Amino acid sequence: MLSGHDARRLHSLADERTVELMPTTTAPVSPLKTDDVSLASGGDPDPSTAATHVNGAGESPNPPPPTDKGSSLRKLRLDVIKLAWPVVVEQLLSTAVGIADVAITGRLGPSALAGSGVSLQIMFIAFSALSAFGIGTTVVVAQATGARTPAVAGNALRQGMVLGTMFSLLLTGVGWLVTEPLVALAGGTGEVAVAGVTFLTVGLVGMVPLTLQFAIGGAMRGAGDSRTPMVCGALVNVVNIAAAYALAFGAWGAPEMGVAGAAWGANIARFVGVAFLLGTLLMRSAPEGIRLGSGAPAGTAGWMPNLAIGRTFLTLSLPAVIEQLSFSGMFLILGRILLSMGPTVFAAQRIAITAGSVSWLPAMGLQIAATALVGQAIGAKDYDRVATVNRFAQQLAVGWMIAAALIFVVGARQIAGFFTADPDILAQTAWGLYSFAPGLPIAGIQFVLQGTLRGAGDTQFPMWSSIATQWLVILPCAWLFGHVLGFGIVGAFLGFIGSSVVNVIALRWRFGTGIWRSNAVLVSEAHVMPAT
């Protein structure tokens, strides 16, 4: 089945071995030489030392207070739910933005609609790269929050913002130089190419605020606040629809700018979203570690670009970006296989994937919640908490996916009828949804395991597992069962079920080895950057 970042298209979401967060003159603490001695052989941590946070001087500045086990478990389960549901709403809002943009550009004519679509295909690749800063800040801030080192969390946010801004400015400048070749490469010709170049040129202006949204939103989730990014998503939704409509059609006294107006509407919404997020970080109610302004634990430190932290973000985030690029290539080939079965099957597959992506949103919310909470547990060196989060998030994901599967089985034709009135496409779509249903609970487990390992800093293994099943399971199954043996869309979708099964087996094995215990990003008071 699709990985979490795919289904959302950008939903998602980093891997690597132990890395240092920041340079320091104090020797870094080895995770196998402080309170993790028992972990060298993969055993359980000593309860008497598992929650100790040792800094570079060998001190324990912030030992966590003892807690009642029963109440702690209940709170942990509530934390999973509280972190997950805003993410689901945020992704639904993101989907609504896409639908609104299609509706607006569609009213400008077929060339405008096709041109904006071609440009968005190019921009989605950039979005995947820029989202890396959100993944990096989520993991690092979560582990710093768990380790009770707020200054480190603050430095991580600042570096995510600074490095993200630098990278997005570079991406914007290069993009402006090659807009026409890119649109032509994506298939734009004639009036479609003209509209595409216009939309892409204007859309690139919004890369900086979009990257800042990724970085700040990721930091907030890592600190345990997923509601603020959700509220920001709602605000961006409203502003985008209003501004894009006004500027595209000249409504309410605004200039009529056509397809360029639709792109400017999205840019305005992104700037408003960043202003909102920055405003919340200046408030005293913001999570302590990532608060800005007076009273911020990090003070004035962390604003100068730091290549060491850049490498940390890169090692945490690059695997997720590679995974999404791989998925894009795999899906392109899958589309050609499905086209060989006829346009009816291809159209049905698009509808089934669209419907399926909505059913995956709760599981993806749980994936992000698992990443944040596992990161916090890793920072606190509370490995029992890691296992508890992973187990409970899987239970919720499986429960939801079973419900979604039942909806697909019972209402497949009704769901298909919402998208098309063509009887042949409707029938094929229904069979596609029937084929999806058995694999949904397995996919829910896969999403959570991926989030768990990413939160622990082990992001390369989920990447390789996902890429391997994309190319060695999904595509061969689609070609063999769908094309050669003639099972059509049912045969093609068998590959997604097989992919989920193989991924779950591999990811459960990886989690069971305990290797992730030594892959955590080392955060301590010794890793605080000097003031600017």
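Predicted model: local features only at pLDDT ≥ 70, side-chain atom pairs only at ≥ 80, totals over all residues.
A residue counts as buried when its relative accessible area is under 20%, and because Thr179 has a relative accessible area of 7%, Thr179 is buried. Thr179 belongs to helix H6, which covers residues 179–185, and, leaving aside neighbours within four places in sequence, Thr179 is in contact with Val197, Leu200, Thr201 and Leu204. Leu120 lies in helix H3, residues 110–130, and with a relative accessibility of 26% Leu120 is partly exposed.

**Confidence along the chain**

The mean pLDDT of the protein chain is 79, with 83% of the residues at 70 or more. Among the elements of the chain, confidence is lowest in helix H1 (residues 4–7), where the mean is 48, and highest in helix H15 (residues 440–455), where the mean is 93. Two stretches call for particular care in reading. Over residues 5–64 the pLDDT stays under 50, and the model has 160 contacts beyond four places in sequence for that stretch. Over residues 522–532 the pLDDT likewise stays under 50, and there the model has 51 contacts beyond four places in sequence.

**Nonpolar cores**

The largest nonpolar core holds 37 residues, of which Met330, Leu334, Trp360, Phe436, Leu440 and Phe493 touch the most other members. At least two residues of this core come from each of helices H11 (307–339), H12 (343–379), H13 (383–419), H14 (423–436), H15, H16 (460–484) and H17 (488–513). Helix H12 supplies the largest share, 10 residues.

**Salt bridges**

Side chains of opposite charge can pair when their charged atoms come close. In the whole structure, a search finds five salt bridges, and three of them are set out in the table.

| Pair | N to O distance | Places in the chain |
|---|---|---|
| Asp79 and Arg385 | 3.9 Å | helix H2 and helix H13 |
| Arg221 and Glu90 | 2.8 Å | helix H8 and helix H2 |
| Arg510 and Asp458 | 2.7 Å | helix H17 and the loop between H15 and H16 |

The bridge between Asp79 and Arg385 links distant parts of the chain, since its partners are 306 residues apart, with Asp79 in helix H2 (residues 69–106). Asp79 has a relative accessible area of 15% and is therefore buried, the cut-off for that term being under 20%.

Arg221 and Glu90 form a salt bridge that also links distant parts of the chain, in that Arg221 belongs to helix H8 (residues 207–222) and Glu90 to helix H2, 131 residues apart. Both Arg221 and Glu90 are buried.

In the salt bridge of Arg510 with Asp458, the two residues are 52 residues apart and again come from distant parts of the chain. Both Arg510 and Asp458 are buried. Finally, salt bridges that share partners bring Lys75, Asp79 and Arg385 together into one network.

Key: Residues numbered from 1 in each chain as written. Heavy atoms only, no water. pLDDT = per-residue confidence, 0-100. Helix = DSSP H or I, 4+ residues; strand = E, 2+ residues; numbered from the N terminus. Contact = heavy atoms within 4.5 Å. Buried < 20%, exposed > 50% of the residue type's maximum accessible area, 1.4 Å probe, protein only. Core = buried A, V, L, I, M, F, W, Y, C linked by side-chain atoms within 4.5 Å. Salt bridge = Lys/Arg side-chain N within 4 Å of Asp/Glu carboxyl O.
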